[in-house]
Amino acid sequence: MKNIYFLFCLFFIFSCSEQKNGDLEGSWIRTGTINYLGGEPVDTIPFEGIFFEVYTKGSYSLLMNEIKIDPVTLEDTDNGSSEAGMYLLEDNMLKKKVYYGTGWIGEVIDKMRDPAKDFIEVEFEVDYGKNHLSKLIRLDSIGNGFAEYYTRVE
């Protein structure tokens with residue numbers, strides 16, 4: 001009986017230690033961009049604009065409006081966009097099925113969508129905890145690229 005109790009305790013401890021410290025469900029706002037060189041993060045720069053994501057059980061929505069200042073007119077030229085769909089989180093991979101989009105995202109969905117499907121699929125490597133979320137965009141062949149960095153709103 002002691003052996004069964006001991007094994008149960010070990011199983012419980014190890015299964016709990018493999019879980020993430022936070023839950024992806026909730027509201028997140030992008031606060032930075034993590035730049036990668038040679039596969040390693042080298043710096044984080046603040047994000048300017050609004051990039052707001054909400055995750056619920058299996059679905060998500062994203063509202064974004066980056067700040068893109070025209071050097072001649074000094075006006076913000078970004079009209080913003082949004083997307084919504086379903087997601088699946090497996091280990092450290094976030095897989096999205098993007099069904100709806102406005103602005104340039106809607107145009108991308110229309111161009112890239114498989115005629116047999118009504119969505120496009122995108123995938124991110126993620127690291128998240130109670131108050132942080134980073135979504136790594138695929139790095140190029142020499143390991144250069146970036147990750148979006150978010151903090152929890154709620």
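1. Helices here are DSSP runs of H or I with at least four residues, strands are runs of E with at least two, and both are numbered from the N terminus. On that basis the protein chain has two helices and nine strands. Along the sequence they follow the pattern α-β-β-β-β-β-β-α-β-β-β.

2. This is a predicted model, in which local features need pLDDT of at least 70, side-chain atom pairs count only at pLDDT 80 or more, and totals for chains, interfaces and linings use all residues. Residues are numbered from 1 along each chain as its sequence is written, and side-chain values use heavy atoms, with hydrogens and water left out.

3. On confidence: pLDDT is the predictor's confidence in each residue, from 0 to 100. The protein chain averages a pLDDT of 84, and 86% of the residues score at least 70. Residues 1-22 have a pLDDT below 50, and this stretch makes seven contacts in the model beyond near neighbours in sequence; a contact means heavy atoms within 4.5 Å. Where pLDDT is low, the predicted coordinates should not be read in detail.

4. On the chain as a whole: of its 154 residues, 29% are buried. Buried means under 20% relative accessible area, exposed means over 50%, and partly exposed lies in between (1.4 Å probe, protein chains only). Of the contacts between residues at least 6 apart in sequence, 47% join residues at least 24 apart.

5. Which residues of helix 2 are buried? In helix 2 (residues 103-112) they are I105, G106 and I109. These residues lie on the same side of helix 2 because they cover an arc of only 100° around the axis, the arc being that of the directions from the helix axis to the C-beta atoms. An α-helix has 3.6 residues a turn, so residues three or four places apart point the same way. The buried residues of helix 2 pack against strand 4 (59-66), strand 5 (81-90), strand 6 (93-102) and strand 7 (120-128). Exposed residues D110, K111 and M112 are carried on the face turned away from the buried side of helix 2.

6. The loop between strand 4 and strand 5 holds both I69 and L74. I69 counts as partly exposed because its relative accessibility is 46%, while L74, at 61%, counts as exposed. Together with I67, these residues make a nonpolar surface patch of about 290 Å². Patches are made of residues with over 30% relative accessible area and no salt bridge, with like charges joined within 9 Å and nonpolar side chains (Val, Leu, Ile, Met, Phe, Trp, Tyr) within 5 Å. A salt bridge is a side-chain nitrogen of Lys or Arg within 4 Å of a carboxyl oxygen of Asp or Glu.

7. Backbone angles deserve a check at two places. L74 has a phi near 60°, a positive value in a residue other than glycine. D91, in the loop between strand 5 and strand 6, has a positive phi near 55° and is likewise not glycine. D91 is exposed, with a relative accessible area of 74%.

8. N35 belongs to strand 1 (residues 26-37) and is partly exposed at 24% relative accessible area. N35 and N144 are 109 residues apart in sequence, yet 7.7 Å apart in space, C-alpha to C-alpha. Neighbours within four places in sequence aside, N35 is in contact with E40, P41, V42, D43, I45, G145 and F146.

Terms used: Accessible areas come from the Shrake-Rupley method with a 1.4 Å probe; for residues, only the protein chains shown count as cover.
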